Amino acid sequence: MNIRIRNWLQSRGNSLPREKQLSSEAVISLIIHSTFQFGASMSGVFLNLYLWRLTHSVVVNGTYSMIVYILTPIGFAIGGWMIKKKDRMVSYRLGIMLVGLFYLSVIIAQERLVEYYVLFAIFNGLASAFYWVGYLTLMYDVSTEQNRIRYLAFNMIFFTVATLAGPALAGFIIRLKEGLSGYTIVFGIAFVMFLLAALISLKIKASGGHHRVYYLKLTGLLMKKERAWLKALLGFFGIGLLQGTMLFLPNILLFKVMPREDIVGYLGVLYSSLSIVTGIFISKYANASKARFYLIISTVGYLIGVSLLMGSINVWSVVGFMILYSIFSPLQGNTMTGYYYGLIAKLPLKGELKVESVVVREFFLNVGRVISIICLISFGSNLDGGLIPWILMIAAMTQIGLVWSINK
């Protein structure tokens, strides 16, 4: 399978100018991330439903996610230090292994997960952070200014394909088994996928240049000097205001109006398919000069989607909302990420601040996520109440600020 993916990607690039073709390490990084994401999509979506089945509490789910987001920037800072002093692959592989151990711990704990959900949230936040700070740094290293938009588009396509297949298989397995035993099988398969991703990562060599200075303490001064960078960071804060609730709430809403895990998984296939179509469009037609236009379009899409929930929360309104979100979220995410990576190259020290930039970006993103979850817990913990659509509407309206965060 991995060889087929590599050959397909290379064949797609043969007709392109050499500078736009993907390197072998770029292709391997896509394979690793796809393998990792297949396991993560199987387990991550249903971890929230697992907690919901055990507690039926939005507060518990929200608190769990909030702790993860609070710990993630701390994990990013520690992982960034590892990258600077050792190598990006140290943090990357450690993250893969720790995420695998996390789900192994979930299998062992089973129903007792609820008793220790705070500790599990801390573990998950740090483990995921080590993975993502390594991968985001790797994404910058294996791509160039000439092929980055194309690389990011392929990354999103393979990410989405894995996200498409994972929940569908997990939903089928959970539906097949009685009680909560299906969840245990799903978490076990995810553990195997993480182990496989760790083994494939051995094919990427260390980047060299170890023991570099870690400039994280100086990023505050850099924000004052580089206003474009600060504006982009505030843009990621705005993304977090919507993302915080969107990473766990929709599946709970859908499960409430249609309490079948397999349906949740199969609808995930639909959402992911739409994201793949968006990714293909981006890979063929996206132009960095139209970044502001893409952000306006995505915001309009979000607002139309949330408006479907304003009447009532039912199967059709939730599904319709998620369809629109799945179409426009990749457009927004790829636009902001591509723009941000372009800014990193223009910062002082000529790309030496890429690790610090990834760490600081995650801090702003997660502050936004935490704020949105606090609002949800405070005002929308009752799923039968009418405030959840309004919370989502306010969060969607804040996305128009992303247009301001992009310099002309």
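Contact here means heavy atoms within 4.5 Å. With that cut-off I looked up S298 and found that S298 touches F328 and Q332, leaving out residues up to four places away in sequence.

**Ground rules.** I am working from a predicted model, in which local features need pLDDT of at least 70, side-chain atom pairs count only at pLDDT 80 or more, and totals for chains, interfaces and linings use all residues. Residues are numbered from 1 along each chain as its sequence is written, and side-chain values use heavy atoms, with hydrogens and water left out.

**Whole chain.** I looked up the secondary structure and found 16 helices and zero strands; both are DSSP runs numbered from the N terminus, helices being H or I of at least four residues and strands E of at least two. The chain has 408 residues, and 58% of them count as buried. Buried means under 20% relative accessible area, exposed over 50%, and partly exposed in between, with a 1.4 Å probe and protein chains only. I noted an accessible surface of about 17200 Å², 67% of it belonging to carbon and sulfur atoms; accessible areas come from the Shrake-Rupley method with a 1.4 Å probe, and for residues only the protein chains shown count as cover. Of the contacts between residues at least 6 apart in sequence, 86% join residues at least 24 apart.

**S298 again.** I placed S298 in helix 12 (residues 291-311). S298 counts as buried because its relative accessibility is 0%.

**Core.** The largest nonpolar core has 135 residues, and Y64, I96, Y151 and F187 touch the most other members. Helix 2 (residues 24-55) gives the most to this core, with 15 residues. A nonpolar core is a set of buried Ala, Val, Leu, Ile, Met, Phe, Trp, Tyr and Cys residues joined through side-chain atoms within 4.5 Å. I then listed contacts of Y151, not counting residues up to four places away in sequence; among them are L22, A26, Y135 and M139.

**Helix 5 against helix 13.** Helix 5 (residues 117-142) and helix 13 (residues 315-346) pack at about 70°, with axes 11 Å apart. Helix 5 is therefore roughly perpendicular to helix 13. Angles under 35 degrees count as roughly parallel, over 145 as roughly antiparallel, 65 to 115 as roughly perpendicular and the rest as oblique. Axes are lines fitted to C-alpha atoms, for helices over the stretch in contact, and angles run from 0 to 180 degrees between N-to-C directions. On the helix 5 side I found L136, M139 and Y140, which meet Y341, I344 and A345 of helix 13.

**I373.** This residue is in helix 14 (residues 354-379). I373 is buried, with a relative accessible area of 0%. I checked I373 against G62: they are 311 residues apart in sequence and 6.1 Å apart in space, C-alpha to C-alpha. Beyond its neighbours within four places in sequence, I373 is in contact with G62, S65, M66, Y69, G244 and F248.

**G171.** I found G171 in helix 6 (residues 148-176), and G171 counts as buried at 0% relative accessibility. G171 and M42 are 129 residues apart in sequence and 8.4 Å apart in space, C-alpha to C-alpha.

**Helix 10.** Seven of the nine residues in helix 10 (residues 249-257) are buried, including P250, N251 and F255.

**Q110.** I found Q110 in the loop between helix 4 (88-109) and helix 5. Q110 is partly exposed, with a relative accessible area of 34%. Its phi is near 50°, a positive value in a residue other than glycine. Most residues other than glycine have a negative phi.
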